[in-house]
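Grab the structure below and work through these exercises with it. Try each task before you read its solution.

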Amino acid sequence: MSKKISVLGSTGSIGTQALEVCEKHGFDVIAVAAHSSIKLLAEQVRRYKPEYACVFNEDKYAEFKALVSDTDTEVLCGMEGLCRLAALDEADIILNSVVGMVGLLPTLTAIGAGKDVALANKETLVAGGELVMGLAREKGVNIYPVDSEHSAIFQCLQGNKRSQLSKIILTASGGPFYGRTYDELKKVTKADALKHPNWSMGNKITIDSATLMNKGLEFIEAKWLFDLEPEQIEIVVHRQSVVHSAVEYNDFSVIAQLGVPDMKIPIQYALLYPDRLECPTNRLSLTDYGTLTFGRPDYETFKCLSAAIKAVKLGGAYPCLVNSANEEAVGMFLNDKISFIEIGEIVSSVTDKFDRFGINCYDDVMRADKMAREYVRNLVLKG
Ligand code: MN
């Protein structure tokens, strides 16, 4: 089939798995881009021979350029480079697996250029959901979710009438601290928080999984992707991460998507849609699992989760504010500046600190982002 793909965030967990899927199915990788992992990016240039490679961190540009100077790949840098790769004429699909708010502008650029997007960047929809979905409708562009839960929902929608959906069931692994009390969470260390029971992921999302902020962000994403009211989204803790999510229809029939917890399955579905070809992973054996369990999330202990849901119910810039405050707080936790529970305390204080304002353009998102980060920095500096 030889689809031409541009991979933004190619050295991360999703990016490297996506390249594996691309290789298996004979995709033509025409662009790769990384934040600052230039050694791996250079290896990817040699292996996939893309037309373009971009390093986001401009300080690494000269060093990276030297690393691949003997190749035919054109080297770009910064947000300008990333956005160019998001809108390449010759690309059939853009995979956006960039981490954080940085991913929003490339998504908007890709959609603006009429490119289908396989979306793994959560912040794109959390911070800019209204903008992104509005532009996608206007341009007639498809957004294929890469996240396992949203891919599951997307798969459960196939062949059914969207108008007859009653609700979705968003499953959550519960993270490494499921069942712990608030007092127990006070003693959690960085090493504890970086150990996820089922999925192997980058640091930011692993911490978000431990605080359950990840599920909060996914709740907001689902609202935008599938045009739902918050009341139509139920979160269910499912420790085994085998049922990746489900959809309930008006006849109370519930359709779920299952598989081993391996991101290559949803990545491949987003890239090959609507085809289903053999995936480089393992088959699911239900009898090996034996038991699947389902429970309620603890909204009081995991404050980030309730803060995210509250933010999306309040609307306007609140989801963006909460997301940016979380991004800043997680960075501080990873740099040993704050404790684990302080992430939740900071994030849940955001909705009370700011008056409501709307998001009408990209600059509004950036303004909210800056406000939230400054708020968190001041809060932590003052102790
Ligand atoms: Mn997920």
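**Exercise 1. Find the protein donors of the manganese ion and say which parts of the chain they tie together.**

Step 1: look around the metal. Asp 147 (OD), Glu 149 (OE) and Glu 218 (OE) are its protein donors, at 2.1 to 2.3 Å. Donors here are N, O and S atoms within 2.8 Å of the metal (3.2 Å for Na, K and Ca), and since water is not among the atoms, sites may look incomplete.

Step 2: write the spacing down. Along the sequence it reads D-x1-E-x68-E.

Step 3: place the residues. Asp 147 sits in the loop between E7 and helix H7 (148-157), while Glu 218 belongs to helix H11 (residues 213-225), so this pair links parts 71 residues apart in sequence. Helices (H or I, at least four residues) and strands (E, at least two) are DSSP runs, numbered from the N terminus.

Step 4: check burial. Asp 147 is buried at 11% relative accessible area, and Glu 218 is buried at 1%. Buried means under 20%, exposed over 50%, and partly exposed in between (1.4 Å probe, protein chains only).

Before going on, a word on the ground rules: this is a predicted model, where local features need pLDDT of at least 70 and side-chain atom pairs count only at pLDDT 80 or more, while totals for chains, interfaces and linings use all residues. Residues are numbered from 1 along each chain as its sequence is written, and side-chain values use heavy atoms, with hydrogens and water left out.

**Exercise 2. Work out the strand order of the seven-stranded open sheet.**

Step 1: trace the pairs. The order is E4-E3-E2-E1-E5-E6-E7, and the pairing is parallel. Two strands pair if DSSP finds at least two bridges between them.

Step 2: spot the edges. Strand E4 (74-77) and strand E7 (143-145) each pair on one side only.

Step 3: Neighbouring strands are turned by 20 degrees on average, direction ignored. Axes are lines fitted to C-alpha atoms (for helices, over the stretch in contact), with angles from 0 to 180 degrees between N-to-C directions.

Step 4: zoom in. Strand E3 (residues 52-55) is joined to E4 by four bridges, and Val 55 faces Cys 77 in E4.

Step 5: Helix H1 (residues 13-24) lies across strand E1 (4-8), strand E2 (28-34) and strand E5 (93-96), at about 165 degrees to E1.

**Exercise 3. Now do the four-stranded open sheet.**

Step 1: the order is E9-E8-E10-E11, with mixed pairing.

Step 2: strand E9 (233-237) and strand E11 (254-258) are at the edges with a single partner strand each, so one side of each lacks a neighbour in the sheet.

Step 3: strand E8 (residues 165-172) and strand E10 (residues 243-249) run antiparallel, joined by four bridges. Lys 167 is opposite Glu 248 in E10.

Step 4: H7 packs on this sheet, touching E8, E10 and E11, and makes about 40 degrees with E10. Contact means heavy atoms within 4.5 Å.

**Exercise 4. Are H15 and H16 roughly parallel or roughly antiparallel?**

Step 1: the axes of helix H15 (residues 318-334) and helix H16 (residues 340-353) come within 9 Å and cross at roughly 160 degrees.

Step 2: H15 and H16 are therefore roughly antiparallel. Angles under 35 degrees count as roughly parallel, over 145 as roughly antiparallel, 65 to 115 as roughly perpendicular and the rest as oblique.

Step 3: look at who touches whom. Among the contact residues are Leu 321 and Phe 333 of H15 and Ile 343 and Val 350 of H16.
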